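Keep the sequence and the 3D view open side by side. The text below moves from backbone to helices to pockets.

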Amino acid sequence: MKNSILQLFPLEYRLLWQQTAQRQEYIQEIRLRAGQPVILHMGGREVFLTGDGRTTEDCRGAYRMEGGTLEQIFQHICHYSPYAFEEELKQGFLTVEGGHRVGVAGQAVLEPDGSVRTLKNITFLNIRIAHQIKGAADGVLPRIYSSGRLKNTLIISPPGCGKTTLLRDLIRQISDGNAFGRGMTVGVVDERSELGGSFMGRPQNDMGMRTDVLDGCPKAVGMLMLLRSMAPEVIAIDELGGMEELDALRRAANCGCRILATAHGENLEEVQCRFGVDRDFWDSFFGLYLVLCRKDGKCVVKQALEGREAFA
């Protein structure tokens, strides 16, 4: 299987994970904790791995991850050289071939100034399975264009409602061109490797033929780097986090770039309150707000609001 999660486990453990790998398309996360049951998040529900590789909803029949086994898995993921991954480890995650992301936790090793140098004694792993859903943006494409011109768009969503999946497919379709607009050069600042799922600098997800990805770089810094070096027509970022990033987006817009961004929140009012920016700023900057939610177990667009109607 392409990008199979079996590659994440040493050979001697792959038989245990064979059935899980066969259902990879339905799995969101695999939680490994030393001394605790192995938990799989599948289709919005939680199940436990058994000792023969099946799943159960009863934790009493679950396979418990031994600390030594977890350490072997971690070493395998790091190609038996965790020191080569110190930069990634101090961020708390590794991105592996296939675009899968492995969150790590254990004991922090600090610098004299109190910043994190790296992590050691890793006893918790969260394997987030990469899924690219091509066509996820089909339903919103007609809304984000006006007479062939792309609107500056902010996607607002609570966690787990598909904002990153939607943004990823928008980037791909805008880059390649679609029925509503020509192909455009897109610059993506992928600070946590969630959009491109880059491995050794190369995106594992299809980001489109005209897309340039700056992986692992802080968003505010990366946007200005792309503006100077790659001449993007569109700037895209996931999880807008602070005023420094808003200011960088505004500079990009003033240079003529179109903007695609996402933010955590239930609605625009919640996002506005968190940033403390008045309505005139939002109204002058973004032309479209897509508000996502989960309905009947599916991620859907709850609202698509334009300009001032977003604050009505």
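Helices (H or I, at least four residues) and strands (E, at least two) are DSSP runs, numbered from the N terminus. Residue numbers start from 1 along each chain as its sequence is written. This is a predicted model, in which local features need pLDDT of at least 70, side-chain atom pairs count only at pLDDT 80 or more, and totals for chains, interfaces and linings use all residues; side-chain values use heavy atoms, with hydrogens and water left out.

Start with the backbone. A231 lies in the loop between α6 and β13 (234–237). A231 is not a glycine, yet its phi is positive, about 50°. N121 is found in strand β7 (residues 116–128). Its phi is near 50°, again a positive value in a residue other than glycine.

Now the helices. Two packed helices are described by the angle between their axes and the distance between the axes. Axes here are lines fitted to C-alpha atoms, for helices over the stretch in contact, and angles run from 0 to 180 degrees between N-to-C directions. Helix α6 (residues 219–229) and helix α7 (residues 243–254) have axes that come within 8 Å and cross at roughly 15°. That makes α6 roughly parallel to α7, a label for angles under 35 degrees. On the α6 side, the contact (heavy atoms within 4.5 Å) is made by K219, A220, M223, L224 and L227. On the α7 side are E244, E245, A248, L249, R251 and A252. These residues divide into 7 nonpolar, no polar and 4 charged. In this scheme Ala, Val, Leu, Ile, Met, Phe, Trp, Tyr, Cys and Pro count as nonpolar, Asp, Glu, Lys and Arg as charged, and the others, Gly among them, as polar.

Last, the pockets. A pocket is an open set of points on a 1 Å grid over the protein atoms alone, where a 1.4 Å probe fits, with protein on both sides within 12 Å along at least five of seven lines; lining residues have an atom within 4 Å of a point. Volume is the space filled by probe spheres set on the points.

The largest pocket has a volume of about 1,300 Å³. Its lining holds 39 residues, with Q28, G160, G162, T165 and R294 closest to the centre. Two or more lining residues come from each of β1 (27–33), α5 (163–176), β15 (288–295) and β16 (298–306). α5 gives the most, with 5 residues. By class, the lining has 14 nonpolar, 15 polar and 10 charged residues.

The second largest pocket holds about 490 Å³ of space. Of its 21 lining residues, E88, F93, S193, D215 and G216 lie nearest the centre. β5 gives the most to this lining, with 3 residues.

Note on methods:
Angles under 35 degrees count as roughly parallel, over 145 as roughly antiparallel, 65 to 115 as roughly perpendicular and the rest as oblique.
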